[in-house]
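This report looks at how one protein chain is divided into parts and how those parts meet. Please read it alongside the sequence and structure shown here.

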Amino acid sequence: MKRQIFGAEHDAFRATVRTFLAKEVTPYYEQWEKDGIVSREAWRAAGKQGLLGLAVPEEYGGGGNADFRYSAVLAEEFTRAGAAGLALGLHNDIIGPYLTDLATEEQKRRWLPGFCDGSLITAIAMTEPGAGSDLQGIRTHAEDRGDHWLLNGSKTFISNGILADLVIVVAKTTPEGGAHGLSLLVVERGMAGFERGRNLDKIGQKAQDTAELFFHDVRVPKENLLGELNGAFVHLMTNLAQERMGIAVAGIAAAEYLLEITTQYVKEREAFGRPLSKLQHIRFEIAEMATECAVTRAFLDRCVVDHTNGELDAVHASMAKWWATELQKRVADRCLQLHGGYGYMTEYRVARAFTDGRIQTIYGGTTEIMKEIIGRSLLG
């Protein structure tokens, strides 16, 4: 089915993204996988190409265009290229809104130009060793010391954790804590007491630096409070729909790409003297996946348009996130099976897609959390 949500300007942007990937990412990606981190030069190249800060106002160096369809194009093309390590979606779509919506004028002028030109890489630190989806379990805390906050605690599984120059830290700022006693504090590279632990060894997305972060008596200036004091819970909930949409868009794009390369593979691969595609079981497998992808794509495109128009609610974002990522996981498994032994070899894209995509049903809120959100909305 012909997609109807993009115009000529989006198509032109897609061509720009593909050119960028071919020139600045794909030739170096294998080395980044080995290194466990992408180069800072790639971030600066993305900034020069106008791929960072798409929704940031032009006065701060951004693109000045909040149309989420551009972000969708980025997510789709990076997914097709297998380039999850260069986490532009995290930077643009998850962290960007915190800075544009919550930052003071002084903070915007201090941080957004670097955010847009690629010289300032960002991360957000929520997850802790003992607290994931449950924000009430956060133990990292900040004590009010008059002109600064004294921050102590640790975080884990932080994407961009090694490269990040600016980290938005979710910390407890009231003694009683709880979900409504949390604030967002911005910790910057070089602050005394801010230390990075291991670059964690994951089963997939090897080029994406994912780190432990430690805070030992870090003096965070009062002017680095982002948003309202004790207002982090509301701020976090406000931005979750966009985060989940970005993950969902990548999920359906991955499923479609895997179906595409597997369809071609079974046409070329022979068994018992004829192509695999001549076997009825193979045709049924392809037919089922193609139908699931087509139905999911129609729903996701509707969600993208609704989000662009400011009409997408948390429930439908949760539906999109869990369904698209579970489909991605299912398609990856079936496509690897259809590749046979070759599917288990890392030189084949299906193998890397299998391990890279496994996290999709976990981060941004697990499938189980998504179902709970939907169920509560329907049943109270």
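Predicted model: local features only at pLDDT ≥ 70, side-chain atom pairs only at ≥ 80, totals over all residues.

## Domain layout and the interface between domains 2 and 3

The chain is divided into domain 1 (8-120), domain 2 (123-229) and domain 3 (233-379). Taken over C-alpha atoms, the centres of domain 2 and domain 3 are separated by 31 Å, and the contacts between these two domains involve 15 residues of domain 2 and 10 residues of domain 3.

The size of an interface is often given as the accessible area lost when the parts come together. For domain 2 and domain 3 the area buried between them is about 1000 Å², with 70% of it on carbon and sulfur atoms. Of the area that domain 2 buries against domain 3, Leu135, Ile203 and Gln205 supply 40%, which is more than any other three residues. The count of salt bridges between domain 2 and domain 3 is zero.

## Helix α3 and its packing

Helix α3 spans residues 40-48, and its buried residues are Ala42, Trp43, Ala45, Ala46 and Gly47. These buried residues pack against four helices, namely α1 (8-25), α2 (29-35), α5 (88-102) and α6 (105-117). After α3 comes Gly50, which has a positive phi, near 80°.

## A nonpolar surface patch

On the surface, Tyr342, Tyr344 and Met345 form a nonpolar patch, and together these residues have about 350 Å² of accessible area. Met345 lies in the loop between α9 (314-338) and α10 (349-356), and Met345 is classed as partly exposed because its relative accessible area is 36%, a value between the limits of 20% and 50%.

Notes
Residues numbered from 1 in each chain as written. Heavy atoms only, no water. Buried < 20%, exposed > 50% of the residue type's maximum accessible area, 1.4 Å probe, protein only. Helix = DSSP H or I, 4+ residues; strand = E, 2+ residues; numbered from the N terminus. Contact = heavy atoms within 4.5 Å. Patch = residues over 30% accessible without salt bridge, like charges linked within 9 Å, V, L, I, M, F, W, Y side chains within 5 Å. Areas by Shrake-Rupley, 256 points an atom, 1.4 Å probe, with all protein chains shown as cover. Salt bridge = Lys/Arg side-chain N within 4 Å of Asp/Glu carboxyl O. Domains from an automatic or database assignment. Buried area = accessible area lost by both parts, 1.4 Å probe.
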